[in-house]
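This report describes one protein structure in plain terms. Please look at the sequence and the model below before reading on.

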Amino acid sequence: MPESKEDYISGIIVKGISGFWYVDSEKGYFECRARGSFRNDNIKPLVGDKVLISTDIESGKGTVEKILPRKNVLLRPPVANVTQMAVVLAAANPKPNLYLTDKVLASAKLADANALICVNKTDIENADEICAIYKNAGYTVISMSAKNDENIDILREYLKKNVTVFAGNSGVGKSSILNRITGLDQFETGEVSKRVERGRHTTRHSELVKIDELTYIIDTPGFGNLDMSLLNPENCASLFIEFEQYMGKCRFLDCNHTVEPGCAVLKALENGEIEPSRHNSYLKLIEELKNKR
Ligand SMILES: Nc1nc2c(ncn2[C@@H]2O[C@H](COP(=O)(O)OP(=O)(O)OP(=O)(O)O)[C@@H](O)[C@H]2O)c(=O)[nH]1
Ligand SMILES: [Mg+2]
Ligand SMILES: [Zn+2]
């Protein structure tokens with residue numbers, strides 16, 4: 001073990017498999033065990049963690065000695081320090097699920113991560129309407145086709161210097177997009193039907209894939225089970241970014257922006273400043289959260 005902290009190497013955990021943490025650093029790639037005392041302190045390393053490791057470089061093996069403070073933690077996928085979430089929709093096949101999209105966008109806001117919308121498969125259907133919904137809400141929207149390599153370069157620009165998680169329904173083309181980004185066929189793709197046949201037990205671990213020194217991407221398997229543990233009916237209005245400017249402007253301080261008279265959000269909805277589908281998702285989300293209680 002090194003004498004002082006200066007001998008530690010700093011890196012980022014890109015993968016974790018059965019107790020081994022794979023750390024990417026300036027000095028190379030190391031297979032690490034976590035220091036035993038983490039377990040005593042009830043701290044578990046996470047993919048995305050910035051860490052200090054000790055190693056005798058030649059062995060390629062090391063020990064995670066210290067986990068640096070985290071910017072945020074996502075539970076599904078379990079990843080730390082995500083700076084951006086790219087929500088992928090398909091113009092068609094599968095049909096866009098705006099509610100799920102809006103829930104992921106809310107969780108991105110909650111995690112203080114930038115959000116991008118990628119509307120894929122524009123080669124099979126026009127996506128202007130969906131794009132408009134999210135542009136009007138204030139999001140960056142990229143209409144694209146992984147199949148035709150359309151606008152992949154624009155997405156690549158947005159990824160720079162970010163740790164970006166790709167989320168979205170199964171079959172929308174996340175892995176296909178990421179294969180285009182890396183130029184390698186390293187992400188498994190397939191038709192939805194085949195995926196279902198394969199069953200639920202396919203092992204899937206989250207992995208940071210390096211694009212360049214400061215740029216990483218993470219593929220995820222569909223939305224399946226979105227983590228909503230930190231959302232509640234009270235905080236969710238502020239997670240719809242275009243509602244924010246109306247907060248504090250309703251007649252009632254405890255306005256829920258559902259049916260209340262003098263509600264600034266409902267007025268903006270009437271005026272066309274807020275998209276009906278977005279407000280609809282908001283109503284659905286508070287219902288879902290209330291039922292969970
Ligand atoms: N027409 C068309 N098909 C596409 C496009 N992108 C992906 N596909 C197809 O859509 C299917 C699903 O693509 P995947 O990349 O596996 O989808 P995924 O989002 O990773 O799905 P999960 O891993 O289950 O979450 C595959 O058959 C792809 O070939 C596109 O831009 N246009
Ligand atoms: Mg995939
Ligand atoms: Zn209101």
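The side chains of Arg278 and Asp102 meet in a salt bridge, with 2.8 Å from N to O; a salt bridge here is a side-chain nitrogen of Lys or Arg within 4 Å of a carboxyl oxygen of Asp or Glu. This is a predicted model, in which local features need pLDDT of at least 70 and side-chain atom pairs count only at pLDDT 80 or more, while totals for chains, interfaces and linings use all residues. Residues are numbered from 1 along each chain as its sequence is written, chains are lettered from A and ligands numbered from 1 in the order in which they are written, and side-chain values use heavy atoms, leaving out hydrogens and water.

The protein is divided as follows, with bounds from an automatic or database domain assignment.

| Domain | Residues |
|---|---|
| domain 1 | 5-69 |
| domain 2 | 74-218 |
| domain 3 | 237-292 |

The C-alpha centres of domain 2 and domain 3 lie 27 Å apart. Their contact (heavy atoms within 4.5 Å) takes 15 residues from domain 2 and 13 residues from domain 3. Between them the two domains bury about 1,300 Å², with 60% of it on carbon and sulfur atoms; buried area is the accessible area (1.4 Å probe) that two parts lose on being put together, summed over both. Tyr99, Asp102 and Lys109 supply 43% of the area that domain 2 buries against domain 3, more than any other three residues. Across this interface the rule finds three salt bridges.

Strands (E, at least two residues) and helices (H or I, at least four) are DSSP runs, numbered from the N terminus. Asp24 counts as buried because its relative accessibility is 12%; buried means under 20% relative accessible area, exposed over 50%, and partly exposed in between (1.4 Å probe, protein chains only). The Asp24 side chain makes polar contacts with the side chains of Lys210 (2.9 Å) and Tyr216 (3.0 Å). A polar contact is a pair of N or O atoms within 3.5 Å; within protein, one must be able to donate a hydrogen and the other to accept it, and residues adjacent in sequence count only if both atoms are side-chain atoms.

In helix 5 (residues 174-182), the buried residues are Lys174, Ser175, Ile177, Leu178, Asn179 and Ile181. Their cover includes strand 12 (208-212) and strand 13 (215-218). Gly183, with a positive phi near 75°, follows helix 5.
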